[in-house]
Amino acid sequence: MSTLKITLILLLYFIFLIQCHDLNSAVPGDLYAQVKSNWGAGKSPETRGEEGSSQVSAGDDPMARQENLEEISRLKRVLMEDLEAERRVSGFTAHLPGSRRSTLTKTRWSFIDLAPFYLPDPAKVNPECRRDILALYTAIIHLDQLIKNGTLWPLKLVDSWGKSADGVLVGNLKIIGFLNECVNIEVQPESLSLDPDLQDLDSTLEGRPQHHPLNTFDGPQRGSLFSQGRPPHLQGRPPPLQSRPPHTAGFNNEDIVLNANFRGQYCVLNFRENASSDVTYTSSRQQRYQETEPAMPSISTRLPLSLAALFYYSTCIPSTCTSTELKTSVEAAVGGTELQLDEVDCQVDSPHHHLGTPEIVGSVLFSIMGVVLLAATVLDLWTSSPNRTPLKEGRLRYLLVFSVTHNLQKLFLLETHPSPHVISCLHGVRFLSITWVVMGHQYLYSAQAAQNPLDIVQMSKAVGFQIIGNGDLSVDTFFFMSGLLVSLGVLRQYSTTGRFNAPLYYIHRVIRLLPPIAVTVALMATLSGLVVGGPLSRQYTTYYLKGCRHSWWMDLTFSSNFIFPHLAEMGKTDEGSTCLPHCWFVAVDMQLYLVTPLVLLPLLFRPKHGLVWVWAWMGVSVVVPAIIVGVYNVWPASLLLMDDVEASLEYNYKVYLTPWCRAGPYMVGILTGYLLHRGRETPSLTRLQWWQVAAGWAAAVAVALAVLLGIERYNFVGTTTTVPQMSLTEAVLYGGAHRAAWAAAVSWMVVACHWGYGGPVDWLLSHPSWQPLSRLTYCIYLTSLPIQFMFLYSIPQPTYYSHITKIMETCGVMLGVSLVAVVITLLSESPILRLEKLLLQPSRPTNKRENTSGPKAEDKVDLQDVMVDAEGVKQDVEDVK
């Protein structure tokens, strides 16, 4: 009886120890090192004192859980022993890359090395997830036999993991994996016979006959280069591995039971720099930005240059596991390193298309708009016959403004007869400038999807790279054109009517700009997510679309440039800034447009004194940015430094996004408009001597090159320790004058071309073929950057970064964006401008050509035919925010 009591006591004590072991957990340290030490010591994590799961579900049987964990630990040891044995044997053997043996060995080693970072910790998951992980370990042990039986899901699961590839030293760390290979995996429970006599199925894997010569190459032949250094008695012999596959060690020839039931789940793990590292910040606002690294495709200004490419990697896990379980496990594995796991995005479907309320609303809205266009087009065609033409003069004319046929004819109209009222060279300037903008954006935002990001450092040191690195000068070209056209419009209206209609001045501006913005915002906020599909599509939804749907009002109120610095204070730290972050340019342009009458009205009533007044504004527009650069010691221009985030943000908020620092080119445009207006009234002013023309062109070219290339030694991709710093004097002079100087060079080109001194430049820029493209420029501007985001979030694999690839990508983007711009123009811009004429100018004659920049009758009072953004030519998403 005493023996029975002692036995019962010991049994109860053993059960008590098991319960304590299961219900208490400790967060592991480096899981990868822990697994390695477990294999080396031949012990399971449980026998080393690790205390069970921290996420044990209520229905988890402790005994079954313990058995599963012990079996997984045993499988780890067996797999490690097999791989070590294979390594010893294969030390004298070369496997042909891509052969079955090479593929299987690579898969097993990848699984062992990466499992701590690519799979949830079995001790910290739910029972179904642990069951499937156990089946995966079993499948990896018997991978060779499973493949011969046609079971490929274990190979596909590991193969779809994002793993570092060739070119690591040039930054090829975009370990993005293969989304479709993962999500197409469907696993059901199965039992397979372990038969070592099954024939080799190389032909199945490699697509060649079984006796193909390549199939026989599993080791070096006698006398080959690979056999050098191999013991003489082994040279020319097949390795022992072929006679006894290591993966059968410790197993009898019995059935393989894979009790798994799941689908492949693709997960992207986003990292940021560890806030507890040695990096310091000088601003609490910057610390908030650091803590919310946005998942946008752009050059990082957060991580050190050597880690600029390592933002995320992907894995494939069973769908029975949760992203929280994966995140908890990986956080323990990377704890204490310079990287910190930020978020984990998982998806089971590809692409991730969810038809929610916004998508339904967008579908209904654009369907209604499509019906209106269709009805107006049919009505326009029906009333084209002579006996029905009078119907167009009635109330139907308000619907006919939406006619696609009429608006397309106007959009693609070519005016081949030159007119003194038309500044025809602006057509070419507009479209070439927007192409420059799109190319700059493509260079910038696709850098995060580059296979060779470190090569960008060398590329950026070339002098010619300043076309991209200093490409935000293109925005100053559009500020110049805006001031030019506003000035010409106001001066012409006053000279014709003798008065200035202030209400119409402001109403026309809102009608001109707002409808295309509203339609583009509605399109991006509702339907764009249905088009994006790829490894990063979830990030597009959780970051860009989230910000778009919350902050769309910033684009419609022309206030985004003033709100961007305060997004963190508003709590917008886990979402994009807005639908159209590049619309900061429209905001600044609108703010300059509001104060333009203060500059121009004195010029209307007292020309001599008014001209001095305008020049005074011109001087202020140059002095103010120079003072700000000097007092706050900020950058004089947008630079490509990667590690000075505080300086980048300070420059953007104090200089780049402020109207008082971007007014220089606008004022140059106003003065140019006044000069062209005087040239029409005084033709003798337009007659220049040959030396004046030569001097003008020489000065314009010299100034443009000096501004574009002048900061080449200070502006390339690098860090504060590798890039020289400007002196304060250089920074003040360049920061204050370079934008106005660039606009002055463009001003000469426009004046010379319009007055007949442009030569081949005027022939190129004034060619009629630019006219339809020029009319599309505003809508190209609105849609280009969002569509580039959509392309980049849909990219399946990183691409090689070179000038030729970026130019080809730019051409493709321009084609796609131009087609979308045609649709946006037909939906909003063209019909609204025609409707404005009917409502606000019903008695205005339609045959008098007064357009200052094109042949369209509808644009006669259009003070700015197009506005384009160049803000993002090298600005990061954090800078836009």
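Residues are numbered from 1 along each chain as its sequence is written. In this predicted model, local features need pLDDT of at least 70 and side-chain atom pairs count only at pLDDT 80 or more, while totals for chains, interfaces and linings use all residues; side-chain values use heavy atoms, with hydrogens and water left out.

The protein chain holds 33 helices and six strands, which are DSSP runs numbered from the N terminus (H or I, at least four residues, for helices; E, at least two, for strands). Of its 881 residues, 54% count as buried, where buried means under 20% relative accessible area, exposed over 50%, and partly exposed in between (1.4 Å probe, protein chains only). The accessible surface of the chain is about 37100 Å², and 63% of that belongs to carbon and sulfur atoms; such areas come from the Shrake-Rupley method with a 1.4 Å probe, and for residues only the protein chains shown count as cover. Among contacts (heavy atoms within 4.5 Å) between residues at least 6 apart in sequence, 84% join residues at least 24 apart.

The axes of helix 24 (residues 607–632) and helix 28 (residues 728–754) come within 8 Å and cross at roughly 150 degrees. Here axes are lines fitted to C-alpha atoms, for helices over the stretch in contact, and angles run from 0 to 180 degrees between N-to-C directions. On the helix 24 side, the residues that meet helix 28 include Met618, Val622 and Pro625; their partners in helix 28 include Gly735, Gly736 and Ala740. Ile627 also lies in helix 24, and it counts as partly exposed because its relative accessibility is 48%. The C-alpha atoms of Ile627 and Gly736 are separated by 7.7 Å, although the two residues are 109 apart along the chain.

Leaving aside neighbours within four places in sequence, Pro772 is in contact with Leu411, Phe412 and Leu414. The C-alpha atoms of Pro772 and Phe412, 360 residues apart along the chain, are separated by 4.9 Å.
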